[in-house]
Amino acid sequence: MTMPNPITENHPKPPIAASQVPARLTPSNYPSIFAIQMDGRKKHALGDYFGLNNFGVNLTELQPGARSSLVHYHTRQDEFIYVLEGSVSLILGDAEQVLHAGMCCGFPAMGAAHSLINRSDKMVRYLEIGDRTEGDEGIYPQDDLQALRVDGRWQFVHKDGRPYGNDV
């Protein structure tokens, strides 16, 4: 009698190489005025691929000169990154530090604003992990932008609460 293999049977998705998970078609969810700043960033949404609901995991690739996000922090969500390949500059508050492969950093909710920028001449690959806490807000201290997590999706508004639309 053959025993079922729980890894390949009765499981929504079998194991796969992370780089083979299709990259997001849209490089950024930001309004267009900000999204252009994410050129050179590619995200493989691993958590979405496997149907994870409580937290997200992305394999993110930054080409030389690309950035991970606008400088931001979250009101409820914790974030974590682990550098797999290359060297990337971490902007954390007013400081900047180069992270190399094997290094990691965590960003607690309401912590210092942060972003990653690839200032090297080689591609950078890292994992980013964050929870999906409803009611979370993304705060962008350097930009007229605020992100609100509503019904599992990000909605972007100006800091005065006006939605982004034709004004961008």
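Predicted model: local features only at pLDDT ≥ 70, side-chain atom pairs only at ≥ 80, totals over all residues.
Figure 1. Apart from neighbours within four places in sequence, asparagine 58 is in contact with Arg24, Lys43, His44, Ala45, Leu46, Tyr126, Leu127 and Glu128. Asparagine 58 belongs to strand β2, which spans residues 55-62. Its relative accessibility is 11%, and asparagine 58 therefore counts as buried, the cut-off being under 20%.

**Figure 2. Nonpolar patch on the surface.** The patch is formed by Leu52, Phe55, Phe80, Tyr82, Leu84 and Ile129, which together present about 460 Å² of accessible area. Strand β4 (residues 79-85) supplies the largest share of the patch, with three residues.

**Figure 3. Leucine 84 in strand β4.** Leucine 84 has a relative accessible area of 40% and is thus partly exposed, a class that lies between the limits of 20% for buried and 50% for exposed residues. Leucine 84 is also one of the residues of the nonpolar patch.

**Figure 4. Open sheet of three strands.** The strands are arranged in the order β6-β5-β8, with antiparallel pairing. Strands β6 (95-100) and β8 (114-117) stand at the edges; each has a single partner strand, so one side of each is left without a neighbour in the sheet. From one strand to the next, the twist averages 25°.

**Figure 5. Pairing of strands β5 and β8.** Strand β5, residues 87-92, pairs with β8 in the antiparallel sense over four bridges. Leucine 90 has leucine 116 in β8 as its bridge partner. In general, the strands of a sheet pair through backbone hydrogen bonds, in either a parallel or an antiparallel manner.

Conventions:
Residues numbered from 1 in each chain as written. Heavy atoms only, no water. Patch = residues over 30% accessible without salt bridge, like charges linked within 9 Å, V, L, I, M, F, W, Y side chains within 5 Å. Areas by Shrake-Rupley, 256 points an atom, 1.4 Å probe, with all protein chains shown as cover. Salt bridge = Lys/Arg side-chain N within 4 Å of Asp/Glu carboxyl O. Helix = DSSP H or I, 4+ residues; strand = E, 2+ residues; numbered from the N terminus. Buried < 20%, exposed > 50% of the residue type's maximum accessible area, 1.4 Å probe, protein only. Contact = heavy atoms within 4.5 Å. Pairing = 2+ DSSP bridges. Axes fitted to C-alpha atoms, helices over the stretch in contact; angles between N-to-C directions.
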